[in-house]
Every structure is written in C-alpha cells, then in structure tokens.
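Welcome! Take a moment to look over the protein shown here, and then let us walk through it together.

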Amino acid sequence: RDKLLFEISAAVRSSVEIQQVLQNAVNNLGQRFDLSRALIIRPSAQGALFVYEFHNENVSPVQDRFFSEQGQEFVQAIMQKTAPCELGDGYRGSQE
C-alpha cells in the first residue's frame, strides 16, 4: 500500500496538469490492483464531465457511455449519493 501511495504521489508531482495527474492515478490503480477497469469521474462546477479510464486488453472502454443520456442520469445519481457502497450498476439496474 505504501508503494502504491508513493507511485501515485510521484505521478502527481510529475505533472502540473490535473488531467494528466488523474489519468496517471487511474492507470496506476488499475495496474497495481490488476483490475479489468478503473474510472475516475470528475464533474466540473460548470457542468462539464471528465472521465479518466484504465482498462486492460480484455475489456472494451466505457468512457464514452458517460456522455449518453443514460450515462448523464447515472452521473447525476452518483452525485447525490453519500457513500460509494450505495451505488448500483447504472446500465444493469440497481443492486439494492
């Protein structure tokens, strides 16, 4: 865990652009934990949406789905939640 924190911190310090910092962070998390996919979703105060994605070669990217009508509804639902454990799969329905 300390090594992961060090790697992410080093990636953050290596770039002054927030877009590159977040992409590096999601890449490090995805690779370190051997994930098939990892996402960082960052809405701006002006209503724009930024999605940073890591995915391995066995899965297709889903980044563009967040810009569809259904994806926007999912993001709105995320922003109203207080804990990630409450979230369901926005494309398959809630798991509550």
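## Starting at Glu-53

Glu-53 sits in strand β2; helices (H or I, at least four residues) and strands (E, at least two) are DSSP runs, numbered from the N terminus. This is a predicted model, in which local features need pLDDT of at least 70 and side-chain atom pairs count only at pLDDT 80 or more, while totals for chains, interfaces and linings use all residues. Residues are numbered from 1 along each chain as its sequence is written, and side-chain values use heavy atoms, with hydrogens and water left out.

Is Glu-53 buried or exposed? Glu-53 counts as buried because its relative accessibility is 8%; buried means under 20% relative accessible area, exposed over 50%, and partly exposed in between (1.4 Å probe, protein chains only). What lies by its side chain? A polar atom there is 3.0 Å from the backbone nitrogen of Val-62, and a polar atom of the Glu-53 side chain is 2.9 Å from the backbone nitrogen of Gln-63. Setting aside neighbours within four places in sequence, the residues in contact with Glu-53 (heavy atoms within 4.5 Å) include Gln-23, Val-26, Asn-27, Arg-37 and Ser-60.

## The whole protein

Now let us step back. The protein has three helices and two strands, and from the N terminus on its elements run α-α-β-β-α. Buried residues make up 25% of its 96 residues.

The accessible surface comes to about 7,000 Å², and 51% of that belongs to carbon and sulfur atoms; such areas come from the Shrake-Rupley method with a 1.4 Å probe, and for residues only the protein chains shown count as cover. Among contacts with a separation of 6 or more, 26% are between residues 24 or more positions apart.

## Two strands side by side

Strand β1 (residues 37–43) pairs with β2 in the antiparallel sense over seven bridges; two strands pair if DSSP finds at least two bridges between them. Arg-37 has His-55 in β2 as its bridge partner, and Ala-38 stands opposite Phe-54. The two strands form a hairpin with five residues between them, and Gly-47 in the turn has a positive phi of about 95 degrees.

Strand β2 is largely enclosed by the rest of the structure, because five of its seven residues are buried. In a regular strand, side chains alternate between the two faces of the sheet. Phe-50 is also found in β2, and Phe-50 is partly exposed because its relative accessible area is 28%. Not counting residues up to four places away in sequence, Phe-50 touches Ile-40, Ile-41, Arg-42 and Ser-44. Phe-50 and Leu-22 are 28 residues apart in sequence, with their C-alpha atoms 9.9 Å apart in space.

Helix α2 (residues 18–32) has 15 residues and reaches 21 Å from its first C-alpha to its last. That is close to the 21 Å expected at 1.5 Å a residue, where the expected span is 1.5 Å times one less than the number of residues. The buried residues of α2 are Val-21, Leu-22, Asn-24, Ala-25, Val-26, Asn-28 and Gly-30.

Where is Asp-34? Asp-34 is in the loop between α2 and β1. Its phi is near 50 degrees, a positive value in a residue other than glycine. Asp-34 counts as exposed because its relative accessible area is 70%.

## The nonpolar cores

Which residues make up the largest nonpolar core? There are six in all: Leu-49, Val-51, Val-62, Phe-66, Phe-74 and Val-75. The elements giving two or more residues to this core are β2 (49–55) and α3 (69–80). A second, separate core of five residues includes Leu-22, Val-26, Tyr-52 and Phe-54. A nonpolar core is a set of buried Ala, Val, Leu, Ile, Met, Phe, Trp, Tyr and Cys residues joined through side-chain atoms within 4.5 Å. In soluble globular proteins, nonpolar side chains tend to be buried together.

Phe-66, a member of the largest core, is placed in the loop between β2 and α3. Phe-66 counts as buried because its relative accessible area is 4%. The C-alpha atoms of Phe-66 and Ile-41 are separated by 9.1 Å, and these residues are 25 apart along the chain.

How values were computed: Polar contact = N/O pair within 3.5 Å; in protein donor to acceptor, adjacent residues only side chain to side chain.
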